[in-house]
Amino acid sequence: DSSDEEERRQHDDDDDGADRTKSNTSLIQQQQLQTLLQDGKVRTILAGFFVTIALLTENFLVWVVSATYVPSHNDTPTPLQDNGRLVLQSLASLASFTKADLQSIRDALNVPWSLVSALATSLLCVELHMGDDRSKKRSLWGVVLRALMTLAFARMIRGISFSLTVLPSQIPFCYDNKFPNPPPDNWSEWIWVGLNPATNGGCNDLIVSGHATITSLFACICTSVSGNTLFGICVWVLLSVDFLVEMYQGLHYSVDMFLGGVITSLLWKSFAHLEKDAHIGKNTKFVSLEHISVSDGMWYGVPTYVAFGVLTFGSSFMANGFIYLYLVCSVGVVVKNGGYSHYVQHLLLCLLYVALGVYL
């Protein structure tokens, strides 16, 4: 009996030891996961997945609201009264400006790509710690993390908004020009239409303007990096001109553009803590040009030229596929190398280049 009792005690001790080992292992794994999620680079990559999911969902919802708004399929519903547009039309008439004149001004300013150029310069200043104290004290990954979260939530709000209340488009026969009419009866075909990238926008995805969220975000990034007040005023004036022309042309209701700018700016302010909370680690170390090999040039050159070729010769659907490909390759490189590398940053920049070229 004493031997049996001793064996039971030994067995209980072994079970307790195994439980403690499992508990300690689980605690260590939780601590490692917590430490990993505190890394700014990891959080930025996760935010990239979040943005991708938000954009794909929104893209499908654009088709859903257009296909289910039956009055627009065979006719042009009467648009809502847009007081902002009426005021702009009156002012343009007093100044003897035609729609073509305003469009030529907009084309000359080329606001979207001017903002892209300013964005690229701002990110470069942050990465190389150039410029004033604002850019020197910030991290590229922290700025990008904040921007991605702002964009993700802005697009989520946009998708929910235009899905809840469908507004009639101000563009005549918009549905006929952008979507199959009548909508496919087969469910697989119906879903497939929604999966195609709506690079030219939809018809009833009006509140909130996607164009306004993107351009406002670029303006927020540029003006937050630069401490020059005059530069900040010029950026917002340039953006306002773009918004006013968009409203005047009836591509969006005035409230769409207004809410797009306000919501994006407020989200950008609210996510300021992400830059402070993220642990970015050491600054990027650069290699001098004389130490770069031919293979390095190939590894970095191929993704760049592929991105350029996709935008120049490929279709929008092909570009969407390459956006996913760049994202998957980035994750694959992280897994293979056991962490972040400068090549991952290069792939993500190529992804950004394709995405801006297709959707901006």
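Which residue forms a salt bridge with arginine 106? In this predicted model, the partner turns out to be aspartate 242, and the closest N and O atoms of the two sit 2.8 Å apart. Arginine 106 belongs to helix 4 (residues 99–109) and aspartate 242 to helix 11 (residues 229–248), so the contact ties together parts that are 136 residues apart in sequence. With a relative accessibility of 13%, arginine 106 counts as buried because the cut-off is under 20%. Aspartate 242 is buried too, at 0%.

Another of them joins glutamate 58 to arginine 158, with 3.0 Å between the closest N and O atoms. Here helix 2 (residues 40–68) supplies the glutamate and helix 7 (residues 140–164) the arginine, so parts 100 residues apart in sequence get tied together. Both glutamate 58 and arginine 158 are buried. They also belong to a network of salt bridges that links Glu58, Arg155, Arg158 and Asp205.

Then there is arginine 138, which forms a salt bridge with glutamate 275, the closest N and O atoms being 2.7 Å apart. Arginine 138 sits in the loop between helix 6 (133–136) and helix 7, while glutamate 275 is in helix 13 (residues 273–277), 137 residues away. Arginine 138 is buried at 13% relative accessible area, and glutamate 275 is buried at 17%.

Definitions and conventions:
Residues numbered from 1 in each chain as written. Predicted model: local features only at pLDDT ≥ 70, side-chain atom pairs only at ≥ 80, totals over all residues. Heavy atoms only, no water. Salt bridge = Lys/Arg side-chain N within 4 Å of Asp/Glu carboxyl O. Helix = DSSP H or I, 4+ residues; strand = E, 2+ residues; numbered from the N terminus. Buried < 20%, exposed > 50% of the residue type's maximum accessible area, 1.4 Å probe, protein only.
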